[in-house]
Amino acid sequence: MIYFDNAATTKPYKEIIDIYNKVNSECWYNASSQYRYGTVAHNLFDKAIKLVERTLNLTNKKVVFTSSATEANNKAIYGICNKYKNQNKRIITTKYEHPSVLNCFKDLENYFDVKYLDILENGEINYSQLESFLNNDTVFVSIMYVNNIIGSINDINRILKLVRRFPRVKLHVDGVQGVGKIKLGFNIDDVDLLTASAHKNHGLKGTALLVYNKNLDLELIEQGSKQQLIKSGTIDLAGAVSCAKTFEIAFGELDQNVNNSYLIKKYIYNELCKNSNVHLNSSLNGGSPHILNFSYPGVNSETLMHYFESNDIYVSISSACSEKLARPEPVVLELTKNELYAKSSIRLSFSSDNTIDDAKKFIEVINKYKKVGKI
Ligand code: PLP
């Protein structure tokens, strides 16, 4: 099996599964209970928070473990924006955010003046448009770090320079495809809120986090017993510990994983370039090494995905979260303005589990398809 869909999810490390099981079987108590076992559990929880702070180099942030990046994004957006509802304030995001951000902004259109940033040809956001959108009425900006479909990387420091001209504006960064995947080009301490996900880094589904400024008060978006800052409900101790450990491992192995993904991406990129029919929707050096998106115009992406599947190779034709929705792929369409490219787009995403032999096999398989005149 060749699994090239690591932007959708990754295979959990055995060490992480073991930690999760150990905590759940040996320290299964409620971390909010007042007797000593509750204290033991809470101490372990505090240790998990400390580990995240050390790994992500945080000095001014609160850490909340969430059940998904979707939950973290929703908590960040509504947590800030609900305070300003119906005040005609401006909020800004991009046209190519993950639905867990974009759909929140769509929902908030009823209460805010919402602006959506265009994407430049290189897949980054339009920085001058951001400059022109920012004004004294702006209260919130949410911009992703690495795009999950094409792998482009936004310059968060450049965004910060623009946003900080307006002291009231809070900046949220969806760092799901960047944190643990690439060397960060900014300090997390410098942004107001950031989302990261463990299951994209060989951690477990159901484990993610939101970090936000210590001096920020977010509104609760669910009612219940508040046990973890802005999160209600019994603390998932095993999830928190395994999430913290996942990031520790991912940061420890970062350089080697980045190099591995880059070599695989470079090999496939260069081999694909030998075919004049191909259109590359990702750049080799400008974007994240773990994502490569390309199109064979005229070849339906679903057909090609199933052809790969029949060869035991697994790729994505869209963000897994919208896999069942109609084509064309919206981010590729936004980027290329070309329906043919958007309807034939394939995303490969790599991790430490992949090898250069996987890349060679992939090219062999695609060349076989080419030989029979299908592309
Ligand atoms: N943000 C980005 C950039 C993503 O790629 C994803 C998932 O692919 C999410 C948020 C949501 O993650 P989850 O589905 O784990 O909540």
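Among the elements of the protein chain in this predicted model, mean pLDDT (the predictor's confidence in each residue, from 0 to 100) is lowest in strand 9 (residues 226–228), at 82, and highest in strand 6 (residues 170–174), at 99. Helices (H or I, at least four residues) and strands (E, at least two) are DSSP runs, numbered from the N terminus. The chain as a whole has a mean pLDDT of 95, and 98% of its residues reach 70 or more. Residues are numbered from 1 along each chain as its sequence is written. Because the model is predicted, local features need pLDDT of at least 70 and side-chain atom pairs count only at pLDDT 80 or more, while totals for chains, interfaces and linings use all residues; side-chain values use heavy atoms, without hydrogens and water.

The ligand is surrounded by 14 residues (a heavy atom within 4 Å), of which Thr70, Asp174, Gln177, His199 and Lys200 are the closest. Helix 3 (residues 69–81) supplies the largest share of this shell, three residues. By class, the shell holds four nonpolar, eight polar and two charged residues; Ala, Val, Leu, Ile, Met, Phe, Trp, Tyr, Cys and Pro count as nonpolar, Asp, Glu, Lys and Arg as charged, and the others, Gly among them, as polar.

Polar contacts are pairs of N or O atoms within 3.5 Å. A side-chain N or O atom of Asp174 lies 2.6 Å from a nitrogen atom of the ligand. The protein buries 91% of the 400 Å² that the ligand exposes when taken alone (Shrake-Rupley method, 1.4 Å probe).

One cavity of 30 Å³ or more was counted. On a 1 Å grid over the protein atoms alone, a cavity is a set of points where a 1.4 Å probe fits but cannot get out, and lining residues have an atom within 4 Å of a point. Grid points are joined across faces, edges and corners, and the volume is the space filled by probe spheres set on them. The largest cavity holds about 150 Å³. Its lining comprises 16 residues, with Gly180, Lys181, Asn257, Ser351 and Ser352 closest to the centre.

Terms used
1 Å grid on protein atoms, 1.4 Å probe; cavity = no way out; pocket = protein on both sides within 12 Å on 5 of 7 lines; lining within 4 Å. Polar contact = N/O pair within 3.5 Å; in protein donor to acceptor, adjacent residues only side chain to side chain.
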